[in-house]
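Open the model in your viewer and keep the selection tool at hand. We will go stop by stop, selecting one thing at a time.

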4 protein chains.
Amino acid sequence: MAKKAKIGVLGASGYTGSELVRLLLRHPRCEIALLTADRRAGQEMRSVFPQFSHISLPKLVSIDGVNWAGAGLDLVFCALPHGTTQDVIKRIVAAAPAIKIVDLSADFRLADVSAYERWYGHAHRAPELQKQAVYGLVEVHRRTIRHAKLVANPGCYTSCAELPLIPLIKAKAIELSEIVIDAKSGMTGAGRAVKETMIFSEVSEGFHAYGVGHHRHMAELDQEFSAAAGREVIVTFTPHLVPMNRGILSTIYVRGKRGRTPADLHAILSKYYAKEAFVHVLPFGETPQTRHVRGSNLTFIGVANDRIEGRAIVVAALDNLVKGASGQAVQNMNLMLGFLETMGLEQVALFP
Amino acid sequence: MAKKAKIGVLGASGYTGSELVRLLLRHPRCEIALLTADRRAGQEMRSVFPQFSHISLPKLVSIDGVNWAGAGLDLVFCALPHGTTQDVIKRIVAAAPAIKIVDLSADFRLADVSAYERWYGHAHRAPELQKQAVYGLVEVHRRTIRHAKLVANPGCYTSCAELPLIPLIKAKAIELSEIVIDAKSGMTGAGRAVKETMIFSEVSEGFHAYGVGHHRHMAELDQEFSAAAGREVIVTFTPHLVPMNRGILSTIYVRGKRGRTPADLHAILSKYYAKEAFVHVLPFGETPQTRHVRGSNLTFIGVANDRIEGRAIVVAALDNLVKGASGQAVQNMNLMLGFLETMGLEQVALFP
Amino acid sequence: MAKKAKIGVLGASGYTGSELVRLLLRHPRCEIALLTADRRAGQEMRSVFPQFSHISLPKLVSIDGVNWAGAGLDLVFCALPHGTTQDVIKRIVAAAPAIKIVDLSADFRLADVSAYERWYGHAHRAPELQKQAVYGLVEVHRRTIRHAKLVANPGCYTSCAELPLIPLIKAKAIELSEIVIDAKSGMTGAGRAVKETMIFSEVSEGFHAYGVGHHRHMAELDQEFSAAAGREVIVTFTPHLVPMNRGILSTIYVRGKRGRTPADLHAILSKYYAKEAFVHVLPFGETPQTRHVRGSNLTFIGVANDRIEGRAIVVAALDNLVKGASGQAVQNMNLMLGFLETMGLEQVALFP
Amino acid sequence: MAKKAKIGVLGASGYTGSELVRLLLRHPRCEIALLTADRRAGQEMRSVFPQFSHISLPKLVSIDGVNWAGAGLDLVFCALPHGTTQDVIKRIVAAAPAIKIVDLSADFRLADVSAYERWYGHAHRAPELQKQAVYGLVEVHRRTIRHAKLVANPGCYTSCAELPLIPLIKAKAIELSEIVIDAKSGMTGAGRAVKETMIFSEVSEGFHAYGVGHHRHMAELDQEFSAAAGREVIVTFTPHLVPMNRGILSTIYVRGKRGRTPADLHAILSKYYAKEAFVHVLPFGETPQTRHVRGSNLTFIGVANDRIEGRAIVVAALDNLVKGASGQAVQNMNLMLGFLETMGLEQVALFP
């Protein structure tokens with residue numbers, strides 16, 4: 001049997017951290033060698049996430065206590081809050097340059113450090129590392145990811161907008177000035193942070209938009225859409241919160257360019273994703289539900305006619321913790337470590 | 001003390017029916033004199049809706065058994081399925097022309113009977129009554145409603161789109177060709193119908209769009225928006241289902257016309273609704289949540305800047321069973337019977 | 001028109017506080033004259049609870065800033081956390097002895113201050129006031145409540161166990177050593193506190209027991225059951241959390257004494273509550289659902305045969321924020337101020 | 001590579017059917033060779049369960065059209081409604097005696113056909129097959145299951161009561177006359193049946209008991225508990241519905257016999273399950289949550305002190321569709337076909 005890769009998960013007490021552990025436990029080529037969680041250091045993983053009660057896992061440690069040079073790690077997932085991550089990764093790279101890194105935070109997603117500064121309100125603290133970072137949307141950047149040392153895993157909202165839109169933008173099939181993305185997310189998209197707005201009674205039995213007009217995910221969308229178009233693209237994007245745990249659904253309103261019909265757009269997407277394991281385009285006119293990708297690494301995409309001639313409605317659904325975070329991260333790892341891309345990610349959705 | 005009006009509720013075993021009963025029980029000028037429910041005829045209301053277990057109410061009867069001429073009713077609410085209602089109302093009007101009627105179905109909402117035929121697939125069976133019917137969106141048609149004999153209560157989705165949009169269309173403040181309405185509804189919008197798609201496990205923990213590109217509510221929107229604009233208006237409208245009981249939220253994307261900014265649109269709406277008891281415009285930049293109008297007859301409207309210059313995002317929220325159905329119906333009744341418009345509708349939202 | 005009583009609500013930024021405001025807004029004899037919320041002092045109520053956006057209410061102030069002697073208040077509701085309340089009430093009583101008080105915390109529920117010390121881990125800081133406090137379960141202590149200056153409003157779990165059990169205990173109809181109370185509560189029972197265990201994703205789509213074997217509500221049960229029995233009674237009680245906002249359901253297992261059958265127990269309860277407005281006993285064999293009392297001040301009680309001869313299953317349901325807290329408190333206020341007991345509490349459940 | 005077993009799933013359009021498909025798709029030694037669904041015959045699995053949209057599966061056929069003798073099946077799962085199953089299995093056994101069968105219905109669970117008749121209201125139609133049927137609670141009947149041709153998979157409620165109680169009963173550690181099982185289940189326990197009581201708005205935001213005093217699962221409990229005790233045992237059992245999809249939690253009240261303390265009971269359970277892969281006993285005093293076993297084949301069991309001396313509270317949690325149905329069924333299959341017992345069932349819970 002092939003030797004297993006030694007994997008670390010930084011930030012194992014959050015939801016993307018526990019989701020990484022869930023996926024890695026069924027990955028035949030990985031061994032979980034390190035779990036960090038600063039505020040829970042010294043505790044067992046089972047006291048933080050009782051679903052692992054019956055499983056033997058490394059004890060949680062603090063990041064500062066890790067001997068990076070001596071840990072023998074092949075790859076580290078950073079599931080830490082935005083902002084602190086760049087410092088942590090700088091230290092890891094300095095101490096153990098051979099360790100590959102998949103970062104699930106937003107810290108290395110923006111290639112343009114001045115864009116980072118504009119959106120996040122402070123100068124980037126590892127601009128030299130930013131140059132090496134590769135944006136980890138596998139279906140778009142697969143080739144560069146294979147040779148990357150540091151991959152910036154995309155955001156969940158952005159994945160659910162980029163996967164349906166980038167092929168259409170690349171094909172010059174839609175008007176770039178009229179794209180409206182109305183996005184809806186389950187609560188785990190906000191992580192395990194403890195805020196009044198996240199407690200059950202503030203979330204259940206209700207629905208609302210938030211960050212209307214000024215959500216940080218827009219920076220990522222701007223970057224990827226502009227790269228796909230070869231010129232600046234700015235879209236309208238509104239996020240909403242759904243009283244559910246997992247899932248993002250994007251309802252996207254577009255107008256076909258140069259006579260492209262909704263069926264043409266469907267054909268472009270179908271062809272683009274024909275050989276992809278994790279993106280599936282439904283028959284024309286059908287649209288997806290988040291529940292049917294829950295727990296899986298899949299994105300389902302549908303295209304339908306709008307009633308207004310020449311306009312189409314594109315709907316995409318994924319699980320924000322899997323294809324929108326930890327599953328995508330494992331997919332990136334598989335490429336970086338030379339494993340089969342689908343390894344450990346074969347799970348079908350848990351529905352109902 | 002003033003004499004109480006005698007009220008009938010047809011279709012009392014459905015959700016809009018029970019919601020009418022809930023509201024009428026606290027209405028100081030109404031007495032519930034008749035409750036019908038064909039399949040439950042002979043049963044007590046409490047066996048169909050146990051929340052009334054402690055209250056004395058008329059026994060459920062079948063519509064066919066009612067002696068309309070002798071019932072002494074002042075007003076009847078029809079909370080029956082679309083399609084059958086027009087026959088029932090024709091019979092009531094023939095037997096007892098003095099009875100006023102508020103119809104909660106879609107049967108009398110389209111003034112143009114050929115539009116009805118196109119959208120519903122059969123000729124209207126009471127076209128002469130359609131001529132008398134008044135569209136019951138109080139804040140827009142208050143004056144004609146006061147003298148109406150038959151009021152067609154608006155749909156829930158349409159109310160939540162018309163209230164924010166009609167003032168803007170009337171003011172010629174927005175581009176009519178670029179309106180996108182992304183609407184989200186709780187499950188009671190689909191009534192108490194028993195279908196596989198409505199069972200708990202098919203609805204909870206998930207989110208999806210439906211009727212993409214071809215929902216019947218569009219006919220109503222076309223009618224009211226075109227009337228407001230003085231010319232044909234067709235909008236993009238996509239309904240979605242939220243795993244919650246009550247509430248509709250519309251996220252509406254518009255572009256200001258002739259230099260109107262989002263703040264200008266906000267000012268138009270604020271002025272239009274300044275004296276209304278049931279429509280409240282939030283401060284500029286704030287957007288509403290469905291949970292904060294739950295159980296009340298209120299509509300909350302917010303307006304925010306889109307990041308794209310000249311475009312605004314308008315968000316409206318209401319309770320589909322109250323302002324979107326039975327509360328609106330009671331508001332119509334209040335006008336038709338000469339009561340104070342807010343009577344029986346003073347309830348604040350039940351949150352959490 | 002009769003003069004309105006001037007009412008204060010201390011702790012208006014919590015759920016029992018907002019629920020008091022909801023109820024008082026429809027109470028014909030009350031005026032909300034004071035709202036406190038220390039951490040939100042200076043803010044409008046609408047910024048803390050947007051459901052009041054359209055309503056004019058006093059600005060939130062801090063408790064320390066209130067001039068009790070000059071405020072002209074008739075009655076104050078204390079909806080403050082356990083522990084701090086006794087100090088606050090001591091100060092109010094010292095400064096303005098005429099103000100009547102309904103305390104929704106646990107601070108004055110235990111007549112025996114040594115029991116308080118045992119369960120809460122510190123000496124009671126207002127033992128002299130404790131002597132005047134009346135336990136506010138109206139259906140049991142109505143007469144003393146009428147003349148009380150300080151009423152300790154019962155807990156939500158305890159109300160839902162005491163209402164079904166006290167009449168049976170008083171009637172000596174059940175074995176006292178075999179009472180098992182399996183209780184289930186919605187999340188608002190835990191208030192608006194911000195803890196990891198209360199965030200949406202930790203609560204939805206799951207069910208669990210907590211405080212197994214050692215929940216503080218037991219002290220209150222011991223007191224009231226022992227008083228009813230005339231000797232010490234200790235029961236088994238297990239609370240659980242249901243992924244819903246409102247509602248408590250108690251499933252209670254009892255054995256009839258001296259040949260009392262389940263039907264006999266049902267008869268005892270039916271008779272005891274025959275004239276009560278807010279406690280309704282269902283027909284024998286039927287059991288209640290929390291959703292059918294949601295938002296109302298009702299308790300529904302059902303009794304059914306266990307399959308084991310001589311044993312009965314008693315099920316009670318109430319809304320923890322209404323009959324389990326703020327509705328009960330208003331009911332107490334109505335008695336203390338000489339109003340009709342049902343005033344402001346006529347609302348039927350909001351279902352669905 | 002070892003040859004794959006050819007597997008059939010009868011009733012693939014229900015939830016236990018789709019769950020079998022989900023599990024079998026990741027089972028390295030199984031091939032799904034047959035899927036039946038009478039009312040959906042001729043359709044693709046993806047039109048009934050869109051989570052399989054991207055996967056190639058046999059088309060749905062009707063049971064009557066299957067050529068059992070020629071199908072080459074090794075094992076068939078029957079996920080059909082109670083009552084019809086016995087006829088279907090009789091025909092399969094007659095046509096193809098070599099096919100092994102795991103039946104997920106209640107039809108073959110009661111060894112005593114007169115008990116079946118009493119609880120189900122009609123004579124058993126395959127009493128000769130009943131004699132061969134083995135009750136498939138693996139942790140209790142593993143040895144006989146290995147050689148069985150027909151296994152009756154236990155019910156979900158019963159599994160969640162038998163796993164914690166049978167070891168205690170076998171050890172003669174608890175009083176048999178005082179066992180109270182208060183059970184709570186998610187909605188998928190009721191299957192995909194379309195009834196008014198199952199639609200979202202009748203289930204969400206509420207909690208209730210049902211079948212109080214007379215639930216059919218009791219027959220199974222009687223059988224297994226009496227077998228473990230060596231004499232007749234009758235328990236109190238009340239099922240409740242939780243507004244969630246998956247999960248059963250049993251709160252069980254017992255009294256230790258001959259001085260057995262709760263800690264003793266914990267020790268008995270810990271020892272009994274020490275080597276089991278799918279039953280995990282938590283540290284003394286901790287109790288489980290359903291969400292932490294969601295989607296996995298695990299049962300978590302906790303034991304705590306009751307406040308009444310000598311009494312214990314035992315809490316068990318499992319996923320009703322996995323360990324309570326399809327996972328248990330695959331575990332049975334693994335034994336019957338000689339595979340590793342845990343094969344295809346390694347999945348950790350999907351939380352959150």
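Through which surface do the copies, chain D and chain A, meet? Of the interface residues of chain D, 100% are also interface residues in chain A, so the copies meet through the same surface. Keep in mind that this is a predicted model.

**Stop 1: chains D and A**

Select chains D and A together. The contact between them takes 26 residues from chain D and 26 residues from chain A. On the side of chain D that touches chain A, the largest share comes from helix α1 (residues 15–25) of chain D, with 3 residues. That side of chain D divides into 12 nonpolar, 10 polar and 4 charged residues.

**Stop 2: chains C and D**

Chain C goes onto chain D by a rotation of 180°, with 0.0 Å of shift along the axis and an RMSD of 0.0 Å. For chain C, 100% of the interface residues are also interface residues in chain D, so these copies meet through the same surface.

**Stop 3: chain A as a whole**

Show chain A by itself. In cartoon view, look for 11 helices and 14 strands. Along its principal axes, the C-alpha trace of chain A spans about 60 × 45 × 45 Å. How does the radius of gyration of chain A agree with that of a compact globule? A compact globule with 352 residues would have a radius near 20 Å, and chain A has 20 Å, which agrees.

Buried residues make up 61% of the 352 residues in chain A. Now think about contacts between residues at least 6 apart in the sequence of chain A. Of these, 72% join residues at least 24 apart.

**Stop 4: two domains**

Colour chain A by domain. The assignment gives domain 1 (5–132) and domain 2 (157–320). Their C-alpha centres lie 27 Å apart in chain A. Zoom in on the place where they touch. There, 8 residues of domain 1 of chain A are in contact with 7 residues of domain 2 of chain A. The domain 1 side has 6 nonpolar, 1 polar and 1 charged residues.

**Stop 5: the nonpolar core**

Bring back the other chains. Which residues touch the most other members of the largest nonpolar core? Select A:Val9, B:Val9, C:Val9 and D:Val9: among the 500 residues of that core, they touch the most other members. Stay on A:Val9 and show its neighbours. Leaving out residues up to four places away in sequence, A:Val9 touches A:Gly17, A:Leu20, A:Val21, A:Ile32, A:Leu34, A:Leu35, A:Phe77 and A:Ala79.

**Stop 6: A:Gly11**

Move along to A:Gly11, in the loop between β1 (5–10) and α1 (15–25) of chain A. Is A:Gly11 buried or exposed? A:Gly11 is buried, because 27 other C-beta atoms lie within 10 Å. Beyond its neighbours within four places in sequence, A:Gly11 is in contact with A:Gly17, A:Thr36, A:Ala37, A:Cys78, A:Ala79 and A:Leu80. Pick out A:Ala79 in that list. A:Ala79 is 68 residues away from A:Gly11 along the chain, yet their C-alpha atoms are separated by 5.0 Å.

**Stop 7: backbone details**

Select A:Glu205, in the loop between α8 (200–203) and β9 (208–209) of chain A. Its phi is near 50°, a positive value in a residue other than glycine. A:Glu205 is buried, with 25 other C-beta atoms within 10 Å.

Next, jump to C:Lys172, in the loop between α7 (156–170) and β8 of chain C. Phi of C:Lys172 is near 50°, also a positive value in a residue other than glycine. C:Lys172 is partly exposed, with 13 other C-beta atoms within 10 Å.

Finish at A:Pro352, in the segment after α11 (322–336) of chain A. The peptide bond from A:Phe351 to A:Pro352 is cis, with omega near 0°. In chain D, a cis peptide bond joins D:Phe351 and D:Pro352, with omega about -5°.

Note on methods:
Residues numbered from 1 in each chain as written. Chains lettered and ligands numbered in written order. Predicted model: local features only at pLDDT ≥ 70, side-chain atom pairs only at ≥ 80, totals over all residues. Core = buried A, V, L, I, M, F, W, Y, C linked by C-beta atoms within 7 Å. Buried ≥ 20, exposed ≤ 12 C-beta atoms within 10 Å, placed from the backbone. Contact = placed C-beta atoms within 7 Å. Domains from an automatic or database assignment. Nonpolar A, V, L, I, M, F, W, Y, C, P; charged D, E, K, R; others polar. Least-squares fit on C-alpha atoms with pLDDT ≥ 70 in both. Helix = DSSP H or I, 4+ residues; strand = E, 2+ residues; numbered from the N terminus. Rg over C-alpha atoms; globule rule 2.2 N^0.38 Å.
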